[in-house]
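Here are my notes on this structure, as numbered points. Please read them with the model open.

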Amino acid sequence: MKVKILSRKLIKPCTPTPENRRSYKIASIDEINPTMNVVGILYYPFNDKMEHVLKNMEESLAQVLPQFYPFAGRYIKKAYSVDCNDEGAEYVEAQVDCELLDIIGSGVEPGELNDLLPLEVGAADEFTDPILSIQINKFKCGGIAIGACISHRIVDACSLGIFLSAWTKATRGDSTGEPIIPNFDSPFYFPGRNLGELDFGTSRTRDSNIVTKRILFGKKVIANLRDRVNHLYVKRERPPSRVLMVTSFLTEALLRSDRAKLGKPRACLIHVAANIRERTIPPLSKYSCGNLVSMGLEEYAAEETKSLDFERLVPIVDSATRKAVAECTNLLSDGEFGYKVMVDEYIDICEKSNDDNLNCLWFTDWSKFGYYEKDFGFGTPIWTSIVNIPVKNLIILMNTKEDDGIEAWLHLHKEDMPYFEQDEEIKKLVT
């Protein structure tokens, strides 16, 4: 797959940012994030309306940028703030030398999908870097893939979903339904403290040491996993979630493959991200933009990991997630507690993850961010994806088009991946 850049321009907000919004001081939870972009790609088959709609997308982007005013600015490292100078979001058009269906699903290596993005994943935080960048990739068949990069210094993946919802709605000219009114209030609740960023090993160039594997957990696989633990949930009205099933299954496989590689067990730390929007008191709006993620944690000594099979991991991961959600209640009302949970614990985990004697697994769920609902006016995507992200042991869980499965994107060190791929349970799943 070869991607040729046809044009590159900056789209400015349709109205200037007012003086009282010219500087956006980031929150303490933003300051510690690694230097990287949050990324996503939406894939659309050819549609007769596509050419007409594409002509309007630049204008509609300019229309929504005033609401998302930091996205058109530039980050100033020394000031820990965004200069909301209306320099603009980057808008790139590109031509791809293959058919859209050639790369859908397993048709291409995940690392090749990086070419559909306007920026490298790690290209962020310099004053020359756009905070928001979009690439419209046109395929030979007429289909398109829209790649988006947005600075993780400013926002998270949920925020990207909020922005895409607003942009698609503006492109359709849809004034019905609930208005999407973003707010950027996380610095009010978590004021900046000029903290240094955490080192996740990201760089501005691609890292060949981190490789990516996509695994599809279809409806039947999820049902089979649920059957194995139904006895644990007989008193609950709802079955265990898809995300819980996949997280527990992959954790067991990753611990098993780690033992296979080392010839002995290793202590582990299981990290499960939790979206805090609408769960705090007072409640943060579902349209709040920022890095609004708490975490559920479970840590086990080396010998303990040998007994962590799927049936035992399910209640462990479930409990960690529920605890993280429960803690959301007091994150805003008790500033000291909120800082401890959102910042101190995050820093502590990242420092621990540098210990070679600890196997640190990072799970994050993007399945509820509505990427499959993004309709610019030529229908919804037939696939959504991420790319190769240079963060070791990061597992991102995406939804499926049918909304009944999970696509897991695992980012592992190249020396660890062969052991994972040779795991018997993983081989059964992918064959």
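1. In this predicted model, six strands form an open sheet with mixed pairing. Their order is E1-E6-E7-E8-E3-E13. Strands (E, at least two residues) and helices (H or I, at least four) are DSSP runs, numbered from the N terminus. Two strands pair if DSSP finds at least two bridges between them.

2. Strands E1 (3-11) and E13 (383-385) stand at the edges. Each has a single partner strand, so one side of each has no neighbour in the sheet. From one strand to the next, the twist averages 15 degrees.

3. Strands E7 (residues 132-138) and E8 (residues 144-151) run antiparallel, joined by seven bridges. Ser-133 has Cys-149 in E8 as its bridge partner.

4. Helix H3 (residues 157-172) lies across E3 (37-44), E6 (89-96), E7 and E8. H3 runs at about 40 degrees to E3. Axes are lines fitted to C-alpha atoms, for helices over the stretch in contact, and angles run from 0 to 180 degrees between N-to-C directions.

5. How do helices H5 (residues 219-229) and H8 (residues 310-327) cross? Their axes come within 9 Å and cross at roughly 90 degrees. That makes H5 roughly perpendicular to H8 (65 to 115 degrees). Leu-225, Arg-228 and Val-229 of H5 make the contact with Phe-310, Glu-311 and Val-314 of H8 (heavy atoms within 4.5 Å). By class, this contact has four nonpolar, no polar and two charged residues.

6. Residues are numbered from 1 along each chain as its sequence is written. Local features need pLDDT of at least 70, side-chain atom pairs count only at pLDDT 80 or more, totals for chains, interfaces and linings use all residues, and side-chain values use heavy atoms, leaving out hydrogens and water.

Terms used
Parallel < 35°, antiparallel > 145°, perpendicular 65-115°, else oblique. Nonpolar A, V, L, I, M, F, W, Y, C, P; charged D, E, K, R; others polar.
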